Amino acid sequence: MASNGNNHVSTKPPPEPSPLRKAKFFQANMRILVTGGAGFIGSHLVDKLMENEKNEVIVADNYFTGSKDNLKKWIGHPRFELIRHDVTEPLLIEVDQIYHLACPASPIFYKYNPVKTIKTNVIGTLNMLGLAKRTGARSEPSSLCTYYLVLGNVGPLSHHLFLVQNRILLTSTSEVYGDPLVHPQDETYWGNVNPIGVRSCYDEGKRVAETLMFDYHRQHGIEIRIARIFNTYGPRMNIDDGRVVSNFIAQAIRDEPLTVQLPGTQTRSFCYVSDMVNGLMRLMDGENTGPINIGNPGEFTMLELAENVKELINPEVKIITVENTPDDPRQRKPDITKAKELLGWEPKVKLRDGLPLMEEDFRDRLGISRKK
Ligand SMILES: O=C(O)[C@H]1O[C@H](OP(=O)(O)OP(=O)(O)OC[C@H]2O[C@@H](n3ccc(=O)[nH]c3=O)[C@H](O)[C@@H]2O)[C@H](O)[C@@H](O)[C@@H]1O
């Protein structure tokens with residue numbers, strides 16, 4: 001029984017919250033869109049986001065390179081939603097944060113349909129920025145993009161204050177540095193990219209995507225984050241993805257020669273997927289727009305990588321050299337000073353610890369167990 005303080009005693013229970021108030025309460029949870037969430041990095045990110053019970057996660061994916069299989073443990077979960085959607089079409093939903101990952105990332109796949117790749121990067125990013133603008137991903141000078149949602153008199157919740165942060169994160173790429181002339185690459189380097197080559201649909205596409213992010217930020221005050229991702233590997237990569245780590249592991253397991261593309265002295269720096277996902281979340285939740293390199297500075301030539309895979313997975317396997325494709329970057333290694341200083345992030349998993357974890361997943365999916 002509640003008293004109104006006027007000697008009048010009401011026997012009525014407090015009114016039910018209106019549907020609008022209920023909706024506002026619901027909104028107080030973070031509703032997060034992950035484009036490309038059925039893909040390799042996207043699905044690991046979804047796993048991590050779903051660990052937080054305050055998060056509702058919506059995945060939009062066209063399954064060009066992603067797969068529902070990667071999300072099977074979440075399908076049917078009340079805080080999870082999966083939409084078959086191509087980001088080159090507008091998406092009208094209500095969200096608080098957008099992780100925009102959608103785009104084929106393996107050179108084989110992105111070169112297969114270059115027009116679609118550049119459309120995904122340009123039109124897809126425009127559509128996601130349009131969504132961010134409509135849903136209010138603003139960086140208000142007074143509040144630095146934090147919206148306090150105070151609920152009215154809704155029973156026990158009436159004194160609670162909820163924080164809703166609206167923002168969009170783009171996963172850009174180390175490919176924006178092209179065939180870099182500085183080593184290692186830090187974020188101030190503008191890159192050395194061929195604008196008309198076979199990789200340009202991806203490299204230039206991501207560069208335009210970064211430009212769009214900053215133009216929306218400056219012109220419309222959209223709260224943005226840009227991660228420049230360096231070569232990432234781990235469980236759930238497509239077995240026939242075409243990228244080097246997945247190729248070598250699948251080849252070693254199948255007893256096929258490891259195909260080192262010439263000259264074999266070109267370098268890459270490989271980041272394990274759990275480190276990558278932590279870096280992306282730190283960036284999203286921090287206060288820096290980026291661009292920030294997220295990658296593992298441990299640098300290997302492709303011949304060294306092949307030797308490591310041979311030693312760890314199949315000491316009997318042959319290593320052969322094969323032709324390379326045009327414009328292959330000759331060296332790549334992230335300078336992660338900014339990530340360390342601004343995000344307090346650095347990778348933890350060494351290549352030699354990450355490769356066996358990926359081997360286990362590939363063996364499961366290929367149905368080939370280790371020889372005794
Ligand atoms: O994995 C990634 O994160 C990146 O993969 C590609 O970039 P790239 O570094 O060329 O990736 P790979 O196709 O894995 O090639 C790496 C190196 O391995 C070599 N390679 C590839 C495949 C193979 O069987 N053998 C081999 O020696 C390539 O010539 C290249 O020098 C994409 O372009 C990037 O955007 C993406 O972020």
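Two residues are in contact if their C-beta atoms, placed from the backbone, lie within 7 Å. Leaving out residues up to four places away in sequence, Ile-249 touches Val-309, Ile-313, Met-358, Glu-359 and Phe-362.

Some ground rules come next. The model is predicted: local features need pLDDT of at least 70, side-chain atom pairs count only at pLDDT 80 or more, and totals for chains, interfaces and linings use all residues. Residue numbers start from 1 along each chain as its sequence is written.

**Whole chain**

Show the cartoon. The protein chain has ten helices and 17 strands; these are DSSP runs numbered from the N terminus, with helices H or I of at least four residues and strands E of at least two. Of its 372 residues, 42% count as buried. Buried means 20 or more other C-beta atoms within 10 Å of the residue's own, exposed means 12 or fewer, and partly exposed lies in between, with C-beta atoms placed from the backbone. Among contacts between residues at least 6 apart in sequence, 79% join residues at least 24 apart.

**The sheet**

Select β5, β4, β3, β6, β9, β10 and β15, in that order: they form an open sheet of seven strands with parallel pairing. Strands pair if DSSP finds at least two bridges between them. The edge strands, β5 (80-84) and β15 (292-294), each pair on one side only. From one strand to the next, the twist averages 20°.

Axes are lines fitted to C-alpha atoms, for helices over the stretch in contact, and angles run from 0 to 180 degrees between N-to-C directions.

Zoom to β3 (residues 30-35) and β4 (residues 55-61). Six bridges join these parallel strands. Met-30 stands opposite Asn-55 in β4.

**Strand β9**

Which way do the residues of β9 point? Arg-167, Leu-169, Thr-171 and Thr-173 go one way, Ile-168, Leu-170 and Ser-172 the other, and all are buried. β9 pairs with β6 in the parallel sense over four bridges; there, Tyr-99 has Leu-169 as its bridge partner. β9 also pairs with β10 in the parallel sense, over six bridges. Thr-171 stands opposite Ala-227 in β10. Now show α5 (residues 200-220), which lies across β9 (167-173) and β10 (224-229) at about 155° to β9.

**His-44**

Pick His-44, in helix α2 (residues 40-50). His-44 counts as buried because 21 other C-beta atoms lie within 10 Å. Draw a distance to Arg-236: the C-alpha atoms are separated by 8.7 Å, yet the residues are 192 apart along the chain. Beyond four places in sequence, His-44 touches Arg-236, Val-273, Ser-274 and Val-277.

**The core**

The largest nonpolar core has 73 residues; Val-34, Ile-98, Ile-168, Phe-248, Ile-249, Leu-280 and Val-309 have the most contacts inside it. Such a core is a set of buried Ala, Val, Leu, Ile, Met, Phe, Trp, Tyr and Cys residues joined through C-beta atoms within 7 Å. α6 gives the most to this core, with seven residues.

**The ligand**

Finish at the ligand. 19 residues surround the ligand, and the closest are Asn-231, Arg-243, Val-244, Asn-247 and Gln-261. The criterion is a C-beta atom, placed from the backbone, within 6 Å. α6 (244-253) and β12 (258-261) each supply at least two residues of this shell. β12 gives the most, with three residues.
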